[in-house]
Amino acid sequence: MLDDDDIQRALVIAAHPDDVDFGAAGTVATWTDSGVKVAYCLVTDGDAGGFDAAVPRDRIGPIRRDEQRAAAAEVGVSDVYFLGYPDGRLAVSFDLRRDIARVIREVRPQRVVCQSPERNMVRIYASHPDHVAAGEAAMCAVYPDARNPFAYADLADLEAWTVPEVWVMGSERSNRYVDITDVFHRKTAALRAHASQMEGIDDLDALLTGWNGENARLAGMPDGHYAEAFWVMDTS
């Protein structure tokens with residue numbers, strides 16, 4: 001695993017607005033606080049989400065984009081890329097791989113965070129089909145697409161880039177836990193920025209304290225601590 005001091009740029013790739021904040025907003029806050037420049041890449045606008053039937057469907061995507069930008073600002077992120085793929089119908093395609101590879105080449109991150117390309121058989125909510133597809137496409141973009149200068153002729157103007165390390169969210173094989181206790185309130189604030197989505201969650205605070213508290217317990221952290229979990233792999 002790379003030392004955090006060796007990281008200047010990180011990129012988080014996820015299927016929907018709010019996926020980043022459920023899985024990694026606390027970790028992102030610790031990175032931006034230490035001077036790492038973090039960018040987000042959202043594959044869809046989340047236009048199939050929300051709970052208010054009175055809101056026209058064609059308004060949901062723009063609303064969720066604005067919510068994600070506000071959530072990103074809570075944890076020190078200003079660069080947010082939206083690829084605009086349809087929510088709920090995401091599939092791994094060469095177009096999607098190319099579009100993610102383009103963002104990787106533009107951002108040139110030493111660390112990529114993405115969703116798991118494997119179904120989590122313990123937590124079904126981690127394995128929305130869009131999550132799995134976004135995870136697989138991100139891994140394909142990391143290797144081999146972004147590093148292969150001949151992969152896509154229409155990316156020839158962008159220098160190939162090799163991502164040294166990937167952190168996978170939502171995996172059953174976590175090997176890295178990040179203590180987010182001191183920034184937990186910012187993770188919560190980021191999630192509350194997704195106002196259109198929160199109506200369907202009865203008690204967000206209880207959900208987060210239970211989930212992130214269990215991660216901290218698994219990591220051997222003291223009572224009262226909160227953590228986010230990742231499966232970290234060398235992709236250099």
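User: Where in the chain is S236 placed?

Analyst: S236 lies in the segment after β7. Strands (E, at least two residues) and helices (H or I, at least four) are DSSP runs, numbered from the N terminus. The model is predicted, so local features need pLDDT of at least 70 and side-chain atom pairs count only at pLDDT 80 or more, while totals for chains, interfaces and linings use all residues. Residues are numbered from 1 along each chain as its sequence is written, and side-chain values use heavy atoms, with hydrogens and water left out.

User: Why does S236 count as exposed?

Analyst: Its relative accessibility is 62%. Exposed means over 50%, buried under 20%, and partly exposed in between (1.4 Å probe, protein chains only). S236 therefore counts as exposed.

User: Which residues does S236 touch, not counting those up to four places away in sequence?

Analyst: They are R147, T162, V163 and P164, where contact means heavy atoms within 4.5 Å. The C-alpha atoms of S236 and T44 are separated by 28 Å, and the two residues are 192 apart along the chain.

User: What makes β5 largely enclosed by the rest of the structure?

Analyst: Five of its five residues are buried, so the strand is largely enclosed. E165, W167 and M169 point one way from β5, V166 and V168 the other way, and all are buried. In a regular strand the side chains alternate between the two faces of the sheet.

User: How do you know that β4 and β5 pair?

Analyst: Two strands pair if DSSP finds at least two bridges between them. Strand β4 (residues 111-115) and strand β5 (residues 165-169) are joined by five bridges and run parallel. V112 stands opposite V166 in β5, and V113 stands opposite W167.

User: What is the order of the strands in the open sheet, and why are β3 and β6 at its edges?

Analyst: The seven strands are ordered β3-β2-β1-β4-β5-β7-β6, with mixed pairing. β3 (79-85) and β6 (176-179) each have a single partner strand, so one side of each has no neighbour in the sheet. Neighbouring strands are turned against each other by 25° on average, direction ignored.

User: Which strands does helix α1 lie across?

Analyst: Helix α1 (residues 19-33) lies across β1 (9-14), β2 (37-44), β4, β5, β6 and β7 (227-234), and runs at about 80° to β7. Helix α7 (residues 204-218) also packs on the sheet, where it touches β6 and β7, and its direction makes about 60° with that of β7.

User: What describes the packing of α3 and α4?

Analyst: Helices α3 (residues 94-107) and α4 (residues 129-145) pack at about 65° with axes 8 Å apart. Axes are lines fitted to C-alpha atoms, for helices over the stretch in contact; angles run from 0 to 180 degrees between N-to-C directions. Residues in this contact include I100 and I104 in α3 and A141 and P144 in α4.
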